[in-house]
Amino acid sequence: MPSADTAEATEVLVRTSEPPKLRVRRRLRELAEHREILTNLVRKELKVRYATSALGVVWSMLNPLLYLAVFGVVFTFFLKSGIPDFPVFLLSGIVAWTLFSTAVGQATTSIVGNANLVSKVAFPREILPLASIGAALVNFAFQLLVLIAFTLVIGHGLGSGLVLLPLAFAVLVVFTTALALLVSAFNVRYRDTQHLVELGLLAWFWLTPIVYPAGTIAKKFAESGWSFDLFLINPLADIVLGFQRALYGASAVGTEGGGFASEGSAILPDPGLAYYALRLGIVGAASLLLLFLSWRFFFNRSGDFAEEL
Amino acid sequence: MAPPVAIAIEGVGKRFNLYAERASSLKERVVRLRRSKAREFWALKDVAYDIQPGRTVGLVGANGSGKTTLLKVIGGIIRPTEGTVTTRGRIAALLELGAGFHPELTGRENVYLNASILGLTRKETDRHFDAIVAFAELEDFIDQQVKYYSSGMFVRLGFAVAVHVDPQILLVDEVLAVGDEGFQRKCIERVKEFQAEGRTIVFVTHAVDLVRRICNEAIMLDHGEVRASGDVDSVISELRTVLLQQHAYYAGEEGTRDLEIVSAEIYDEQGRTGAAFHPGDTIVVQVDLRANTPVENPVISIGLTDANDQFVFGTNTDWRQQRWPVFEGKQRVRFVLKGIPFVEGRYSVTLGAHSRDVSTVYHSLENRFFFDVSRGEENTGAVFIPVEVQVEPL
């Protein structure tokens, strides 16, 4: 009997009772080898979501357009926000938030929802939450396009703050991935994690300066003698601020009779780019650490996913 | 020097914790602070076996004997609790056909998705695509959504992708048993090609004849332990024995006992009991009966079942023109089975005494008695045919 092709590098796998140690570089290589599953799963997720709809992928653009229309009308005519070009302000936060919340929300059920796959096929389990993030990223790209187009159309313009965008985006992705890995692994053992995540995200949304301007909060904190840094412990606040600084800019001040912004005070807490870059740097570093920890947690648990489903 | 083994299984054990009620939610976890005690269950115990490259190994055993668990451990889907499994070479585990198939996607899209999950690259899938579609015989439907496929089409497509993965080690779980006969033959052909290409195959199956046909060796698991391994024939005969013993354990007994089977014996023409029979031998099944009250028109019946629980033969006194208008006292009935047509295996005997219309069962003993047939050197196959070989010079 001829032996298996020996010219090919033989892949030797050893499985023991010891939970394997996460070796980041090696695992990244394994993930890279399986990247086709990832792209195929992302494609599937998008396809399935839009396949049966007549408008298809246009839906992901309609979402921010709807935000623009509704919030634009409500906060420009009914409730004066006091924020100039409010739709741009709102959307620059919303795109970041939507990426985070849909990715984390979808990732939570990604392992449990693919129980069939997990219990029958061996592949790096990280692929599943990563696919949720991938699908959210595609939507994010469309929404960002809508936002940028709108910004240019209404003449709000894009400033030098745009250089912050890649950094803010990178930090957002790292933080989102860290959280997605954590909750998806957690949900395998405790199935009500998904409900907690839902509730948590709702609260988190309102604790993050998306609808209301951080500048006002900073002012309120200063008035009562608290450090604004406390508010910024919420990493999403820093990230969203980065997006707002990048896409909305720091020059705007509150207009007369505004609901959210006090007249004449800045919408964003600080005009300088360095301030945001520093905040993003700190959050980015912390997110990388969190990513490592939650990845290790996920990796350790993932060997048992097939049994727990 | 011997080539390195393809799969080395060393002292593998797998423990599952069965929780009567395990906190499956955070809420419960908080409310019920004490952990509920888990019952331990060893699905695999100290399993050791080396599989050389290029061998085809059948993994057999009763339901729940740990076959699939072992396959999953080899495939890296679950982790062993003890011991080590070392595999050399790219591995593909086919535990399910069409893993990841989504009904909303077209056949084409599902092929690419499924292939990537099974470890094929896009390029490889491109190369095999036409062959996959042709194998599945779905040329006209490949761009239709899978939700419009019949279950047969679905399975064929899943299998077509599966047989085009290009592993050095292939793990297969029962999936060969799909599709119509023509398709099955095609699948087995494909497995034979794999063998010819020197790939290592491990497959779980209940089909004993399939193991005979395509395996070089076999492993039999019994309650998670290796009960027999190596030579296919000896493993299968051990499997048959165990399956029958398990049946015997569950052997049923029922009836009104108006007419009771007091005892029964199985012996050969010379009156010897307990010996193994040979194909073509005569077997006597002797049944002693006692009527506890006079019974009108009873029928005594006999049935034979093979190790796969397949009913293979039955007859009764009525059909054989032996009747009792009234059955009183004790009687002895002998079924003389002339020339048993079995080649090999353990057969169990079910005896019954019932009314002629079978509305009343007086007494039945299910799978209570056994006999073994050993094929000897001169026979093989499923049924025995008396043979005479004639030779003459020409």
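How many residues does helix α4 (residues 86-108) of chain A have, and how far does the helix reach from its first C-alpha to its last? The views below come from a predicted model.

**View 1. Helix α4 of chain A from end to end.** The helix has 23 residues. It reaches 32 Å from first C-alpha to last, close to the 33 Å expected at 1.5 Å a residue. α4(A) is mostly covered, with 21 of its 23 residues buried.

**View 2. Helix α11 (residues 235-247) of chain A and the glycine just after it.** At 1.5 Å a residue, the 13 residues of α11(A) should span 18 Å. The end C-alpha atoms are 18 Å apart, so the model agrees with that expectation. This helix is mostly covered too: 13 of its 13 residues are buried. Just after α11(A), A:G249 takes a positive phi of about 95°.

**View 3. Packing of helix α8 (residues 164-189) against helix α9 (residues 193-207) in chain A.** The axes lie 8 Å apart and form an angle of about 140°. Angles over 145 degrees count as roughly antiparallel; the two helices are therefore oblique to each other. From α8(A), the residues A:V183, A:F186 and A:N187 meet A:T193, A:Q194 and A:V197 of α9(A). The residues of this contact divide into 3 nonpolar, 3 polar and no charged.

**View 4. The contact between chain A and chain B.** Chain B supplies 44 residues and chain A supplies 35 residues. On the chain B side, α1 (26-31), α2 (67-74), β4 (82-88) and α3 (107-117) each give at least two residues. β4(B) gives the most, with 6 residues. The chain B side that touches chain A divides into 16 nonpolar, 17 polar and 11 charged residues.

**View 5. Strand pairing across the two chains.** Strands of a sheet pair through backbone hydrogen bonds, either parallel or antiparallel. Here strand β1 (residues 12-16) of chain A and β4(B) run antiparallel, joined by 5 bridges. In β4(B), B:V85 is the bridge partner of A:R15.

**View 6. The open sheet of chain B.** Its 6 strands follow the order β5-β6-β7-β3-β8-β9, with mixed pairing. β5 (91-94) and β9 (225-230) stand at the edges, each with a single partner strand, so one side of each has no neighbour in the sheet. The twist averages 15° from one strand to the next. Strand β8 (residues 217-222) pairs with β9(B) in the antiparallel sense over 5 bridges. The bridge partner of B:L221 in β9(B) is B:V226.

**View 7. Helix α2 across the sheet of chain B.** α2(B) lies across β3 (56-61), β5, β6 (169-173), β7 (200-204) and β8 of chain B. The helix runs at about 150° to β7(B).

Methods. Residues numbered from 1 in each chain as written. Chains lettered and ligands numbered in written order. Predicted model: local features only at pLDDT ≥ 70, side-chain atom pairs only at ≥ 80, totals over all residues. Helix = DSSP H or I, 4+ residues; strand = E, 2+ residues; numbered from the N terminus. Expected span 1.5 Å × (residues − 1). Buried ≥ 20, exposed ≤ 12 C-beta atoms within 10 Å, placed from the backbone. Axes fitted to C-alpha atoms, helices over the stretch in contact; angles between N-to-C directions. Parallel < 35°, antiparallel > 145°, perpendicular 65-115°, else oblique. Contact = placed C-beta atoms within 7 Å. Nonpolar A, V, L, I, M, F, W, Y, C, P; charged D, E, K, R; others polar. Pairing = 2+ DSSP bridges.
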